[in-house]
Amino acid sequence: MLIKATIVAVLVVILSELSESKIMDKCEVARALWQKGVPDWEVPTWVCIANAESRFDTYAVNRNTWDYGIFQISSLWWCQSGDTPGKGCNLSCNSLLHDDISTDIDCVRKVYAETEAMGQRPGFKAWTTWQPHCSGDNWHWVQGC
Ligand SMILES: *[C@@H]1O[C@H](CO)[C@@H](O)[C@H](O)[C@H]1NC(C)=O
């Protein structure tokens, strides 16, 4: 019994390290956004987008579209694949796969601003999940935080 439990515990540790995921909760995401000075009215929508894009998984990688991190930032435009910084956010995509999402937040602010500069308003339109899932009232995403 004890041996079985030990084996299970070891497997759980190995598997969780292999899959490298950290699932944040909605209030951790909201606090990170507030700490970076993101405008109050935008915060619930960013939390909604993080849920819709990655279910709050800071290590999420979409291997079809090559989007990275909790906000699924695109390597086509915004981050350079691998470890070298580059593209629109001057970041390596791997640097977006961290427990600390502050660089992700800097990058999504830039994506937002550049999307608006191209006449697409609000800048959330850069995320395909925004219109179907996050364009309504998102207040509940920060309720109780
Ligand atoms: C990109 O970031 C690197 C450091 O990560 C810096 O050395 C470089 O000057 C930056 N390039 C631009 C265009 O901002």
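## The loop between H3 and E1

Phe56 is found in the loop between H3 and E1, elements of a predicted model. Helices (H or I, at least four residues) and strands (E, at least two) are DSSP runs, numbered from the N terminus. Although not a glycine, Phe56 has a positive phi of about 65°. Its relative accessibility is 8%, so Phe56 counts as buried (under 20% relative accessible area; exposed is over 50%, partly exposed in between, with a 1.4 Å probe and protein chains only).

Arg55 lies in the loop between H3 and strand E1 (61-62). Arg55 is also not a glycine, and has a positive phi of about 50°. With a relative accessible area of 54%, Arg55 is exposed. Most residues other than glycine have a negative phi.

## The nonpolar core

A nonpolar core is a set of buried Ala, Val, Leu, Ile, Met, Phe, Trp, Tyr and Cys residues joined through side-chain atoms within 4.5 Å. The largest one has 36 residues, and Val29, Leu33, Trp46, Val47 and Phe71 have the most contacts inside it. Two or more residues each come from helix H2 (26-35), helix H3 (43-54), helix H4 (102-117) and helix H5 (130-134). H3 gives the largest share, 6 residues.

Leaving aside residues up to four places away in sequence, Trp46 touches Leu33, Val38, Phe71, Val108, Arg109, Tyr112, Phe124 and Trp127 (contact means heavy atoms within 4.5 Å).

## A cis peptide bond

Arg121 and Pro122 are joined by a cis peptide bond, with omega about -10°. Pro122 lies in the loop between H4 and H5.

## Basis of the model

Residues are numbered from 1 along each chain as its sequence is written, and side-chain values use heavy atoms, with hydrogens and water left out. In this predicted model, local features need pLDDT of at least 70 and side-chain atom pairs count only at pLDDT 80 or more, while totals for chains, interfaces and linings use all residues.
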